[in-house]
Amino acid sequence: MTENDPSAQDRPTPASGMPEQPNSAASGGAQQGGTPSGGDQPAPPFQYPPHTPSAQYAQGGYPGSPYAQPGYGTAAEPHAATATASSASSAPTTAQRGLPGKLVAGVALLALLVGGGAGAAGGYLAADTATDSPSSNALNQPAPAKQTGGAEQGSVEAVAEKLKPSVVQLQVQGQGSANEGSGFVISEDGYILTNNHVVEAAARGGDMTVVFHNGDEAEAEVVGRDPSTDIAVVRAQDVSGLTTVELGRSDDLNVGQSVVAVGSPFELAGTVTSGIISSLNRPVTAGGQGDQTTVMDAIQTDAAINPGNSGGPLANMQGQIVGINSAIYSPSQGGNVGIGFAIPIDQARRTADEIIKNGHATQTYIGATVGNAPSGGAAIGEVQSGSPAEEAGIESGDVIVKMGERRIEDANSLVAAIRTRAPGEQVTFTLGDGNTVEVTLGGQPVTVN
């Protein structure tokens, strides 16, 4: 549907594919993440922290995608400046007015002098008529006492105090390119959760440095990554006693709920922004590649997320992490316009745990290709022999319109919904003819190129 995050724009764009298959993630390994920008094919207005309106990664950026993730580029000049320049260029010239240049200069000088004279005269009169009665002056008032109480629980200030010590800046140097993003500490001995698109260059032979809240730095290495969900785990070297975050849950979030984002937009480390959850279950393409192998089920927020925020935390008002900021929707190569996307922490937590314990992530699948049904829903194409779909009795031509109680509007909606579940879970699909099918979801190790 959409594309995500802004970040590096030098990654090759994988060909988009339709199959939602066990090994399809391999094709997503070359993606970078971050609000997206770059050379992706322009897509409709809503595409997956740049398409027709392009978007970018919240961090680096993917070529040509409507979701900007964080990539860095020259900032667009403010409209006000443009308007001013336009105004100046259209103003009548001295010759058009028919006034000699010297006369215009003389008039300007006269105006300046008159203004100065009037000011001087006014000041003199005011002083001359002033009385000795005291007048109120804020500059003479004593400064108030310093704040002594702690931040109020449930406030943005309290959330910021809790999160900032655990949020880091990741500086990645690849072959001929540099990238920057965010992450957060999940273990005292240096494990850090972030986006795949933030660290992909380091995984391909580059170098990575972690900058902590107090300014300390440490070299880091990629432990594992999953391009299909845009999640990666890195580990800072030779560190201990780090302050870890508290992970929340994303399966009970509500639209309108307040959230706080922390990260390093445009290399401004430790930046805190706040907003609300604008929508849930928004299918977005990780890395902005337009490939079904990387579709994820995103949390939409209006908290300001810009290039460099990718990989940073989105937290509830208890300071618990509910998502990983990953992409932004940006009609131009500019920054935040109030539409950002985060990976649900339930999915990220499961993937990170698999990476740390097994060295790789597992992708959930049903073993069938899917496309958009003309009347809505996901149309089943080829069904793989021996796959969960075949074992459940799903056939080519079936149209899935619901998974559990969730409505399935198109192919990406189905893929995203499946990815939120773990391998081995049983789900109920409702078909277009009203029949239901019980499917036990399968899982395959994610292959990373």
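Modeller: Asp 353 and Lys 357 form a salt bridge in which the closest N and O atoms are 3.2 Å apart; the term requires a side-chain nitrogen of Lys or Arg within 4 Å of a carboxyl oxygen of Asp or Glu. The model is a predicted one, in which local features need pLDDT of at least 70 and side-chain atom pairs count only at pLDDT 80 or more, while totals for chains, interfaces and linings use all residues. Residues are numbered from 1 along each chain as its sequence is written, and side-chain values use heavy atoms, with hydrogens and water left out.

Because Asp 353 and Lys 357 lie four residues apart in helix H6, about one helical turn separates them. Helices (H or I, at least four residues) and strands (E, at least two) are DSSP runs, numbered from the N terminus. Asp 353 has a relative accessible area of 37% and is partly exposed, whereas Lys 357, at 62%, counts as exposed. Here buried means under 20% relative accessible area, exposed over 50%, and partly exposed in between, with a 1.4 Å probe and protein chains only.

Six strands close into the barrel in the order S5-S6-S7-S10-S9-S8, with antiparallel pairing. From one strand to the next, the twist averages 40°. Axes are lines fitted to C-alpha atoms, for helices over the stretch in contact, and angles run from 0 to 180 degrees between N-to-C directions. Ile 192 stands opposite Val 234 in S10. Helix H6 (residues 345–358) packs on this sheet and touches strand S6 (177–185), S7, strand S9 (217–226) and S10, a contact being heavy atoms within 4.5 Å. The direction of H6 makes about 55° with that of S10.

Arg 235 pairs with Asp 189, the closest N and O atoms being 2.9 Å apart. This pair links distant parts of the chain, since Arg 235 is in strand S10 and Asp 189 is in the loop between S6 and S7, 46 residues apart. Arg 235 counts as partly exposed at 26% relative accessibility, and Asp 189 is partly exposed at 35%.

Three bridges join S17 to S14, and the two run antiparallel; Gln 300 stands opposite Phe 341 in S17. Strand S14 (residues 295–301) is mostly covered, with seven of its seven residues buried. On one side these are Val 295, Asp 297, Ile 299 and Thr 301, and on the other Met 296, Ala 298 and Gln 300. S14 is also joined by six bridges to strand S13 (residues 271–285), again antiparallel, and Arg 282 stands opposite Ala 298 in S14.

For context, a search of the whole structure finds nine salt bridges, and the protein comprises eight helices and 25 strands.

Methods
Pairing = 2+ DSSP bridges.
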